[in-house]
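Colleague: I'm new to this one. Please walk me through it.

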Amino acid sequence: MDEPRSRRERPAKVALTRRGIVAAAIDVMRSEGLDRVTMRRLAKELDTGPASLYVYFRNTAQLHAAVLDELLGAVDLSPVDAVGDWRDRLEAVLASYTLVLFEYPSLAQSAVTARPAGANYLRLVESVLALLDEGGVPPRQASWGIDLLLQLATSTAAEHAGGDDPEAWDAVAAALRAVQPETHPRIAALGEEDLLSGAGPDRTSWGIRVLINGVLATPRTKGERA
């Protein structure tokens, strides 16, 4: 029978670090889903106690925000320094951000309420602000407009996080076809062909353009508090 090993003979544990915890969280998310990224699950993964992780993260929401920030490092920010119309380049940055979230469906839904504040998120915000500034958007409008632009990109990814359900869309189309002009004249006039037309990327691109033009043309409210 093997004799029990002295604790002094066991390999020393790797020291916990914030970066190491986030890396472990990403591994768990990729293999098991974001809902499994909990303090208890990570503690088991890292061979430590949950209390040790709370030294680095106050709660699971903060941990998820850190995971999101780490993955935002994959967003392509090269359009910021490229040539071409600033609107096109801003749209390219936001499209890259959306694609990153598309790769992680559960994270996309969490990102709607997550509050990342790390280096990658700040680089993304700085890049979007730089392009808005290049386009002549007043700073005060840009400071509010960036929220709308990122919200659209985030919600687009979250909406499709579970994949498109053909039966659900068929039900929507059937409901539109069944409306009566007497009760819903505008829906009937547009019909399924218009209301459900366009590929997802085209509709997202149009939405981003609408917001960009709106941010550019809409001053902040006069009655806001300083």
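Modeller: Start with R41, which is buried, with a relative accessible area of 14%. Buried means under 20% relative accessible area, exposed means over 50%, and partly exposed is in between (1.4 Å probe, protein chains only). This is a predicted model, where local features need pLDDT of at least 70, side-chain atom pairs count only at pLDDT 80 or more, and totals for chains, interfaces and linings use all residues. Residues are numbered from 1 along each chain as its sequence is written, and side-chain values use heavy atoms, with hydrogens and water left out.

Colleague: Which residue forms a salt bridge with R41?

Modeller: E32 does, the closest N and O atoms being 2.7 Å apart. A salt bridge here is a side-chain nitrogen of Lys or Arg within 4 Å of a carboxyl oxygen of Asp or Glu. E32 also meets R36 in a salt bridge, at 3.1 Å from N to O. E32, R36, R41 and E45 are linked in a network of such bridges.

Colleague: And E32, buried or exposed, or partly exposed?

Modeller: E32 is partly exposed, with a relative accessible area of 33%. R36 also counts as partly exposed, at 40%.

Colleague: How many salt bridges does a search of the whole structure find?

Modeller: Seven. One of them joins the side chains of R89 and E134, at 2.2 Å from N to O. That pair links distant parts of the chain, with R89 in helix α5 and E134 in helix α7, 45 residues apart. R89 counts as buried at 6% relative accessibility, whereas E134 counts as partly exposed at 46%.

Colleague: Stepping back, what does the secondary structure come to?

Modeller: Eleven helices and zero strands. Helices (H or I, at least four residues) and strands (E, at least two) are DSSP runs, numbered from the N terminus. Of the 226 residues, 34% count as buried.

Colleague: Which residues of α1 are buried, and what covers them?

Modeller: I21, V22, A24, A25, I26, V28 and M29 are buried. Their cover includes α2 (39-45), α3 (50-53), α4 (60-71) and α6 (105-111).

Colleague: What about the largest nonpolar core?

Modeller: That core has 49 residues, and L42, L90 and V128 have the most contacts inside it. Elements giving two or more residues to the core include α1, α2, α5 (86-102), α7 (119-134) and α11 (200-217). By nonpolar core I mean a set of buried Ala, Val, Leu, Ile, Met, Phe, Trp, Tyr and Cys residues joined through side-chain atoms within 4.5 Å. In soluble globular proteins, nonpolar side chains tend to be buried together.

Colleague: What is L42 in contact with?

Modeller: Leaving aside neighbours within four places in sequence, L42 is in contact with I21, A24, A25, V28, V37, L53 and L63. Contact means heavy atoms within 4.5 Å.

Colleague: Change of topic. Where is Q141 found, and which residues does Q141 touch?

Modeller: Q141 is found in helix α8, and is buried at a relative accessible area of 13%. Not counting residues up to four places away in sequence, Q141 touches V215, L216, A217, T218, P219 and R220.
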